[in-house]
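Please walk through this protein chain with the model open beside you. The surface comes before the fold.

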Amino acid sequence: MSTTLAKPAPQAPDARTTAPTAPARASGPSFGPVYRRILRRETHSPRSLLAIVLAVLLIVTLAWVGTEIVIALIGAPALLVAPVDMFTSTVGLAAAPAAIVAAAGIVAAVIGLVLVIAALSPGRRARHVLASERTAVVVDNEVIASALARHASVAGNVDPDNASVSVSHRRAVVHLTPTSGIPVDRDEVTAETARRLAGYGLSPAVSARVRLAESGRIGA
């Protein structure tokens with residue numbers, strides 16, 4: 001006698017439990033890399049301007065050298081420096097005083113180091129990323145500064161026109177001009193600004209610093 005075991009029929013999934021999880025399972029893993037690329041593109045700037053400036057300078061220099069060579073071949077006077085004089089000056093640099101040679105080497109090394117750092121490090125826009133679990137949020141530093149200035153003026157009991165904020169990559173500096181006769185609690189303004197920044201969840205994180213004007217404004 002032989003027995004055949006039939007494969008049990010699959011049970012129908014419960015719509016109440018699978019409906020909410022299906023979209024998250026399908027799109028969840030693909031959203032992270034996409035959002036990271038979007039955020040990086042919106043917060044970093046290419047070095048196109050620097051590359052264009054260097055390319056233009058190199059083209060102008062090569063065009064000038066080529067023009068000087070052509071002018072020297074036809075026997076006309078040089079525009080600025082004859083190629084022979086340029087070559088002689090370059091060869092004679094080794095015989096110059098050691099201080100001049102060292103200074104020229106240091107300047108060339110600094111310029112080269114700056115160019116290498118500029119080429120390898122990404123440019124940054126005046127923007128920050130806000131914490132969000134559902135989407136990518138990028139905000140300009142001017143918007144952050146405007147919001148902080150409003151809250152700082154309320155915390156410091158000053159007129160909104162007497163409060164200004166500058167936001168950089170890592171720091172927010174609050175400038176307040178108090179009304180004459182009304183003191184401003186620097187610690188309270190600093191705490192309120194830091195609390196607002198913590199609530200925004202900015203990336204990279206921004207620290208707060210408050211500066212008060214030495215003289216107040218009458219009737220403000």
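Arg-171, Arg-186, Arg-209 and Arg-211 form a positive surface patch. Patch residues have over 30% relative accessible area and no salt bridge, with like charges joined within 9 Å and nonpolar side chains within 5 Å. A salt bridge puts a side-chain nitrogen of Lys or Arg within 4 Å of a carboxyl oxygen of Asp or Glu. Arg-209 sits in strand β7 (residues 207-212). Its relative accessible area is 39%, so Arg-209 is partly exposed. Buried means under 20%, exposed over 50%, and partly exposed in between (1.4 Å probe, protein chains only).

This is a predicted model: local features need pLDDT of at least 70, side-chain atom pairs need 80 or more, and totals for chains, interfaces and linings use all residues. Numbering runs from 1 along each chain as its sequence is written, and side-chain values use heavy atoms, without hydrogens or water.

A nonpolar surface patch covers about 680 Å². Its members include Leu-49, Val-53, Ile-111 and Leu-115. Helix α2 gives the most, with 5 residues. Both α2 and α4 (98-120) supply at least two. Leu-115 lies in α4. It is partly exposed, at 34% relative accessible area.

Now follow α2, residues 48-73. Its 26 residues should span 38 Å at 1.5 Å a residue, and the end C-alpha atoms are 37 Å apart, which agrees. The expected span is 1.5 Å times one less than the number of residues. Just after α2, Gly-75 has a positive phi of about 80 degrees.

Overall, the chain has 6 helices and 7 strands. These are DSSP runs numbered from the N terminus: helices (H or I) of at least four residues, strands (E) of at least two. Of the 220 residues, 19% are buried.

Terms used
Areas by Shrake-Rupley, 256 points an atom, 1.4 Å probe, with all protein chains shown as cover. Lys, Arg positive; Asp, Glu negative; His and termini not counted. Charge placed at Lys NZ, Arg CZ, Asp CG, Glu CD.
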